[in-house]
Amino acid sequence: QEPFVADEYIERLAWRTPGGGSRGGEAFDPKRLLEEFVNHIQELQVMDERIQRKVEKLEQQCQKEAKEFAKKVQELQKSNQVAFQHFQELDEHISYVATKVCHLGDQLEGVNTPRQRAVEAQKLMKYFNEFLDGELKSDVFTNSEKIKEAADIIQKLHLIAQELPFDRFSEVKSKIASKYHDLECQLIQEFTSAQRRGEICRMREVAAVLLHFKGYSHCVDVYIKQCQEGAFLRNDVFEDAAILCQRVNKQVGEIFSNPETVLAKLIQNIFEVKLQSYVKDQLEEHRKSDAEQYLKNLYDLYTRTTNLSSKLMEFNLGTDKQTFLSKLIKAIFISYLENYIEVEIGYLKSRSAMILQRYYDSKNHQKRSIGTGGIQDLKERLRQRTNLPLGPSIDTHGETFLSQEVVVNLLQETKQAFERCHRLSDPSDLPKNAFRIFSMLVEFLCTEHIDYALETGLAGIPSSDSKNANLYFLDVVHQANTIFHLFDKQFNDHLMPLISSSPKLSECLQKKKDIIEQMEVKLDMGIDRTLNCMIGQMKHILAAEQKKTDFKPEDENNVLIQYTNACVKVCGYVRKQVEKIRNSMDGKNVDTVLMELGVRFHRLIYEHLQQYSYSCMGGMLAICDVAEYRKCAKDFKIALVLQLFDTLHALCNLLVVAPDNLKQVCSGEQLANLDKNILHSFVQLRVDYRSARLARHFS
């Protein structure tokens with residue numbers, strides 16, 4: 001039995017044998033175990049022989065059965081071939097019979113068709129005779145329940161009558177035409193009644209009869225008219241139209257043989273009558289009196305109409321339903337869309353001007369005219385080259401003349417204009433129209449608001465020698481920076497998608513680049529002049545607070561202060577300005593402006609220290625001042641500025657070091673790379689410089 005493991009089998013055999021335990025012990029008997037193994041091997045050999053004989057017998061039986069099966073298969077193949085031959089013969093016979101039957105059928109049909117036509121013609125002649133006699137006796141004309149059969153007959157008679165000469169058969173032709181018209185009216189009336197009762201089956205029957213009549217289109221018109229009765233009762237005509245079309249779409253296929261044509265005609269009727277009338281009422285009311293409401297209504301109506309069109313695209317309206325619906329929409333809005341952009345630009349211009357004027361009026365500010373032309377251009381070039389204020393300084397009383405509310409309003413108006421432009425502009429005109437809207441934004445936001453505020457801010461910067469000057473230009477910088485971020489966001493979010501694949505993209509990018517560069521020039525100029533004013537304020541503080549006796553006290557042994565009052569006030573002023581700069585700018589601009597201020601601050605302190613003579617105690621006080629200035633410089637977080645003040649602090653050590661150590665100090669790490677004249681200029685500030693000993697040591 002599987003799985004068979006020889007070692008385990010022998011082990012079990014040994015355990016079953018008395019005295020054959022493999023673990024040894026007193027009872028172990030190897031002879032007995034050997035005897036058991038020999039006997040067991042003999043048994044296995046006998047079993048193997050028996051099984052081998054059985055296998056041979058089975059193999060012989062299998063070979064015998066295989067031969068019998070092969071013989072049987074051959075016999076079946078022969079029988080199958082015979083059956084297949086019989087089947088082919090039968091198939092040929094059936095084909096022959098079928099051909100004969102078809103031929104016979106054609107002959108019968110050839111005989112029967114003329115006979116049926118003759119019978120039909122005979123009936124028509126009978127009915128025609130009744131019209132000739134002027135008396136309709138047949139039951140088909142007198143029984144109202146047989147209107148379907150009467151309609152079929154009169155339709156055929158009407159066709160025949162049209163071929164007859166008028167002079168001989170004018171009377172009968174008129175009678176047939178009259179009956180044709182009466183039956184047509186009866187059928188349409190029956191269709192109308194069935195529609196009111198909601199009998200779809202009857203409507204389908206009547207419509208099928210009317211299909212061959214001239215009044216079939218009138219039947220469709222009646223159906224369309226009755227469908228709309230009571231369908232437009234709510235205020236939302238677009239939703240009503242969608243619901244109506246959905247309901248009719250389910251029904252029209254059960255009534256008419258050409259449902260897509262009927263549904264398309266219904267939709268055309270809704271667009272040309274209901275929607276066109278509704279749109280006209282909504283737009284004409286505000287077209288000349290209220291441009292804002294007119295544009296809002298136009299955008300809303302056009303959007304809702306296109307949304308309705310998208311819903312109707314689900315229905316079967318024929319081959320090119322996209323073009324069909326587009327033509328219907330165009331027919332409604334063409335008179336409004338062809339001059340849309342002119343209305344948009346006109347409204348945007350007046351609205352933007354009003355927003356700005358309302359803001360300046362709230363500030364009681366009369367907007368100054370910033371001239372253009374030869375003299376103004378000359379002033380601008382001079383100011384850019386010399387950075388000097390040209391013209392009198394204007395006191396703005398801390399007003400930046402920049403308003404985020406105004407900016408948000410202008411951007412919101414422009415955003416809505418971009419959305420309307422995207423929806424209402426023809427695809428070929430979209431980039432051009434979007435560029436015109438962008439130009440309006442640049443004119444009113446960038447030129448009329450930001451640029452005007454920068455010009456006013458520049459004019460409001462006092463001269464560098466003014467005392468107690470209030471510096472508001474950094475507030476202008478802060479607000480202008482915020483506004484630029486908003487402007488750039490709208491450019492990317494709302495303008496770029498409209499022009500990204502057109503030549504107008506490069507034009508817009510260039511316009512944006514030019515306006516930003518123009519603003520940056522004025523911002524840089526204003527910041528530079530503001531920094532000059534800051535340095536001027538520091539000069540005034542130093543001039544008013546610093547005394548010559550600060551660094552050359554009368555009593556060298558009775559100096560109680562750690563640093564001078566001038567140093568305290570200057571550091572306090574500088575810290576306020578540093579904080580203001582950090583709050584007014586962002587990114588690398590902060591570091592750039594702080595580095596420039598720090599360099600100028602260092603130059604001011606350096607030149608200020610050069611104006612005094614220093615005693616030993618005065619030099620110590622100067623070192624304390626510079627240490628405080630250096631602590632203030634750490635607030636800048638600019639490595640260069642801190643390095644400059646570290647060097648200045650090291651230079652001030654020359655004011656107090658012993659004459660014998662001067663050369664050693666000058667060759668120190670911080671002073672070794674400085675020009676010897678700079679070192680000499682500081683040593684000269686010592687009151688004991690002229691002593692022969694000091695001069696000798698420094699020479």
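**Reading packing, helices and burial in a predicted model**

Biologist: With which residues is Phe601 in contact, leaving aside its neighbours within four places in sequence?

Modeller: Contact here requires heavy atoms within 4.5 Å. By that criterion, and with neighbours within four places in sequence left aside, Phe601 touches Ile535, Met538, Val570, Val574, Tyr629, Cys632, Phe636 and Phe645. Please bear in mind that the model is predicted.

Biologist: Which residues have the most contacts inside the largest nonpolar core?

Modeller: In soluble globular proteins, nonpolar side chains tend to be buried together. In this model the largest nonpolar core comprises 162 residues, and those with the most contacts inside it are Tyr223, Phe256, Met538 and Phe601. Helix 15, residues 430-460, gives the most to this core, namely 16 residues. Domain 2 (146-313) and domain 3 (559-697) each supply at least three residues to this core.

Biologist: Is Asp451 buried or exposed?

Modeller: A residue is called buried when its relative accessible area is under 20%. Asp451, which lies in helix 15, has a relative accessible area of 7% and is therefore buried. Leaving aside neighbours within four places in sequence, Asp451 is in contact with Cys446, Gln518, Met519 and Lys522.

Biologist: Does Ser257 count as buried or exposed?

Modeller: The label exposed applies over 50% relative accessibility. Ser257 stands at 58%, so Ser257 counts as exposed. This residue is found in the loop between helix 8 (237-255) and helix 9. Apart from neighbours within four places in sequence, Ser257 is in contact with Leu211 and Tyr216. Ser257 and Arg204 are 53 residues apart in sequence, while their C-alpha atoms are 8.7 Å apart in space.

Biologist: Which residues are buried in helix 11?

Modeller: An α-helix has 3.6 residues a turn, so residues three or four places apart point the same way. In helix 11 the buried residues include Leu325, Leu328, Ile329, Ile332, Phe333 and Tyr336. The buried residues of this helix pack against helix 9 (259-284), helix 10 (291-312) and helix 12 (340-362).

Biologist: Which residues does the UniProt annotation "coiled-coil region" cover?

Modeller: An annotation may be set beside the model. The unreviewed UniProt entry assigns "coiled-coil region" to residues 41-79. Over residues 41-79 the chain is 100% helix and 0% strand, with end C-alpha atoms 57 Å apart.

Notes. Residues are numbered from 1 along each chain as its sequence is written. This is a predicted model: local features need pLDDT of at least 70, side-chain atom pairs count only at pLDDT 80 or more; totals for chains, interfaces and linings use all residues. Side-chain values use heavy atoms; hydrogens and water are left out. UniProt positions are given in the numbering used here, feature names are shortened, and annotations may be inferred rather than shown by experiment. Helices (H or I, at least four residues) and strands (E, at least two) are DSSP runs, numbered from the N terminus. Buried means under 20% relative accessible area, exposed over 50%, partly exposed in between (1.4 Å probe, protein chains only). A nonpolar core is a set of buried Ala, Val, Leu, Ile, Met, Phe, Trp, Tyr and Cys residues joined through side-chain atoms within 4.5 Å. Domain bounds come from an automatic or database domain assignment.
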